[in-house]
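Here is a friendly tour of a two-chain complex, written for someone who likes to know the cut-offs behind each value. Please keep the viewer open while you read.

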Amino acid sequence: MKFIKTLNSTKFTDSISVKGCGECQTSCQSACKTSCTVGNQKCEN
Amino acid sequence: MIHLFNIDEMYFVTDINSGLVHVVDEIIYDLLIDEKFKDENKFSKLYSKYGKETVEEAISELNYLIEKEMLYTKETNIENKIKPAIKAMCLNMTHDCNLSCEYCFASQGTYNGEKGFLSFETGKKAFDFLVKSSGNRRNLEVDFFGGEPLMNFETIKELVEYGRKIEKEHNKHFRFTITTNGLLLDHEKINYINENMDNVVLSIDGRKETNDRMRKTQNLKGSYDVIINNFKNFVNKRGDKDYFARGTYTSYNLDFSEDVKHLRELGFDKISVEPVVASPNEKYAIKEEHVEILKKEYENLAKYYIECSNNDKKFQFFHFNIELDGGPCIYKRTIGCGAGTEYVAVTPNGDLYPCHQFVGQDEFVVGNVHEGITNDQMISKFKNVSVNEKAVCKECWAKYYCSGGCHANAYNFNKSFHIPYSVGCELEKKRIELSIYIKARS
């Protein structure tokens, strides 16, 4: 690609069959307590 | 659906349904505006700026991405796979506080009720409820909260010991966190917390004048001079373990990047400063009229953040963290924070609420630690609030980053879980754009 650089290597829909375990951190427990910020959390699976 | 934005002559396209983020040349950005690349009458107007051959080459790259489902990806029908199971808990160790912060959503720790301390017996019941209701989830989270939890420190120690005992019996893993104002943070407590808490939230708003305007002692004096030394001592002994120096900004410090700088210059390297949640009637509330000023302020902060990253003063700003690979799965991104479905708050008398923000509002009591969940009707309201069930969110490019925002904010401002808090949305979208920009620069 000459004009486009893609920052990530995986799509949301990749490995979708093995996702959804629910083991990830609850967002409010991290630092915020007043806002929901899910996108900055890590997958535990 | 895609989202286009540019910052400092860098151009970005996010593909909402795949989650892919593309850094593009200006020509691609121009071709995507108004979908010019689809119509020769439109894209031929770019020949004079870029040349015909270059425009055609750029269009072929766009078509390649579309063919590979990396751009304009169609929405996948996501049926939630995450079964509801309560596995995280905000444990209000006290409904009392040794500070009297003007903006406190918990009404100076009492949540508009009576003062009280959580007993070991009630805490045990809460832990037992958590283990029982968590089903096959292994990781359980307990945040010792308040009021000020360190006013009930001995009970915290007893509960941690109890948690360590029952986690073995039930093949669970407790993650303990604590949120403290720092007044009682002496050496004994620092050592204990560093040994036992996975994450610690240290409440401080930044500069002395910012902090002391809101975070006052019972005698209405500023708290900065006491807490700053306690927090520095704490962080010096924290090692690599997680913590956040966590502040709140209000309409009084719209230049909050100066507060972040102050904290960084004092040595804190994990910082979160967030907008106050308050009724629009309060003088200190963040309102629509502040949004554009605050967006500029986040840009100022991003510049400082990048400068620090380039000169060995690197730090984490909670809202500039973003996981483009290895982040939460699409299911988690769709269902959101989990209030009432995987997360509850517990009061000293054992009542359960969908989250800490609703504590003290009787209509939101969903059960108690003795009987478990008894108000299924209220819980069901929290099960049907995924991003694709909210009209505003469904059409929003940021939906899989914020996952629909805070239910309490939505309810407080709009009396509906289905209409998000618009000021919060605007600020969150700005933070996401800047996070992506920072990621692209790193």
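This is a predicted model: local features need pLDDT of at least 70, side-chain atom pairs count only at pLDDT 80 or more; totals for chains, interfaces and linings use all residues.

Residues are numbered from 1 along each chain as its sequence is written, chains are lettered from A and ligands numbered from 1 in the order in which they are written, and side-chain values use heavy atoms, with hydrogens and water left out.

Let us start with confidence. For the complex, the predictor gives an ipTM of 0.92 and a pTM of 0.95. Chain B has a mean pLDDT of 95, with 100% of its residues at 70 or more; pLDDT is the predictor's confidence in each residue, from 0 to 100.

Now to the interface, where contact means heavy atoms within 4.5 Å.

| Interface item | Value |
|---|---|
| Residues of chain A in the contact | 42 residues |
| Residues of chain B in the contact | 80 residues |
| Area buried between chain A and chain B | about 5200 Å² |
| Salt bridges between chain A and chain B | 3 salt bridges |
| Polar contacts between chain A and chain B (both residues at pLDDT 80 or more) | 25 residue pairs |

Buried area is the accessible area (1.4 Å probe) that two parts lose on being put together, summed over both; here carbon and sulfur atoms give 54% of it. A polar contact is a pair of N or O atoms within 3.5 Å; within protein, one must be able to donate a hydrogen and the other to accept it, and residues adjacent in sequence count only if both atoms are side-chain atoms. A salt bridge puts a side-chain nitrogen of Lys or Arg within 4 Å of a carboxyl oxygen of Asp or Glu. One such bridge links Glu44(A) to Arg175(B), with the closest N and O atoms 3.1 Å apart.

Strands are DSSP runs (E, at least two residues), helices are runs of H or I with at least four, and both are numbered from the N terminus; two strands pair if DSSP finds at least two bridges between them.

Within chain B, 11 strands form an open sheet of mixed pairing, in the order β12-β11-β10-β9-β8-β7-β4-β13-β14-β15-β16. Its edge strands are β12 (316-317) and β16 (372-373), each pairing on one side only.

Finally, most residues other than glycine have a negative phi, and most peptide bonds are trans. Gly146(B) and Gly147(B) are joined by a cis peptide bond, with omega about 10°, and Gly147(B) sits in the loop between β7 (139-145) and α6 (153-170) of chain B. Glu35(B), not a glycine, has a positive phi of about 50°.
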